[in-house]
Amino acid sequence: MDLLKLRTLLLLSTSSFLLFVAITLISSRLPSPIPESAVAGKLVWQKHNCISCHTLFGNGGYEADDMTNITTKETSSYLIDYLVQPPVMRPNKYTHHPALNKVDAENLVNYLEYVDTIPTLGWPRQQKNPVKDS
Ligand code: HEC
């Protein structure tokens, strides 16, 4: 009787261990759901501390617009141009928006495109008619 229980225990623990190893191996070989350029873009986002002024999913600085759905609102070529040759920031007349090189800007826009695919059920709430101060 005891021997039978021991055998069952050994069988169950060995098979669950093997299942664990198999699942770990298989999942480590699956392609990442985030495109490589988007991962590179996330690092650019972190390096330049964009979150200090902008929000993603409503988290971050309230200095400027939320970037969660920016790629729905603006074309990628507009965004890349904006980041490579940034304008002077309003209402400041001297400080330019942080500038990126072309590769960083493209990766960053890929990251923002990836962020835009994440379903958020309309969060953060978008302003219907944002009043632009000029
Ligand atoms: C010092 C604060 C600050 C930082 C840091 C900053 N931004 Fe901005 N950003 C702004 C402000 C302010 C505006 C709005 C400028 C205006 O409307 O004149 C803006 C505008 C933008 C726009 C244009 C949005 C549109 O609808 O036209 C994009 C895109 C953008 N920022 C992306 C980024 C990215 C990416 C980074 C990091 C590399 C970044 N920002 C870092 C303050 C900042």
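The shell around the ligand in this predicted model divides into 11 nonpolar, 5 polar and 4 charged residues, where Ala, Val, Leu, Ile, Met, Phe, Trp, Tyr, Cys and Pro count as nonpolar, Asp, Glu, Lys and Arg as charged, and the others, Gly among them, as polar. Of these 20 residues, His48, Cys50, Cys53, Ala64 and Arg90 come nearest to the ligand, a residue being near a molecule if its C-beta atom, placed from the backbone, lies within 6 Å of it. The most is given to this shell by helix α4 (residues 76–84), with 3 residues; helices (H or I, at least four residues) and strands (E, at least two) are DSSP runs, numbered from the N terminus. Residues are numbered from 1 along each chain as its sequence is written. Because the model is predicted, local features need pLDDT of at least 70 and side-chain atom pairs count only at pLDDT 80 or more, whereas totals for chains, interfaces and linings use all residues.

Helix α4 also packs against helix α5 (residues 102–117), in that Ser76, Leu79, Ile80, Leu83 and Val84 in α4 meet Lys102, Ala105, Glu106, Leu108, Val109 and Glu113 in α5, contact requiring that the C-beta atoms, placed from the backbone, lie within 7 Å. By class, this contact of α4 with α5 has 7 nonpolar, 1 polar and 3 charged residues. The axes of the two helices come within 9 Å and cross at roughly 135 degrees, the axes being lines fitted to C-alpha atoms over the stretch in contact and the angles running from 0 to 180 degrees between N-to-C directions. The helices α4 and α5 are therefore oblique to each other, since angles under 35 degrees count as roughly parallel, over 145 as roughly antiparallel, 65 to 115 as roughly perpendicular and the rest as oblique.

Two cis peptide bonds may be described next. One joins Arg90 and Pro91, with omega about -10 degrees, and Pro91 lies in the loop between α4 and α5; Arg90 is also one of the residues that come nearest to the ligand. Another joins Trp123 and Pro124, again with omega about -10 degrees, and Pro124 is found in the segment after α5.

A positive phi of about 55 degrees is found at Asn49, although this residue is not a glycine. Asn49, in the loop between α2 and β1 (55–56), counts as exposed because it has 12 C-beta neighbours inside 10 Å; a residue is buried if 20 or more other C-beta atoms, placed from the backbone, lie within 10 Å of its own, exposed if 12 or fewer, and partly exposed in between. Phe57 likewise has a positive phi of about 55 degrees without being a glycine, and is partly exposed, with 13 other C-beta atoms within 10 Å.

Note on methods
Contact = placed C-beta atoms within 7 Å.
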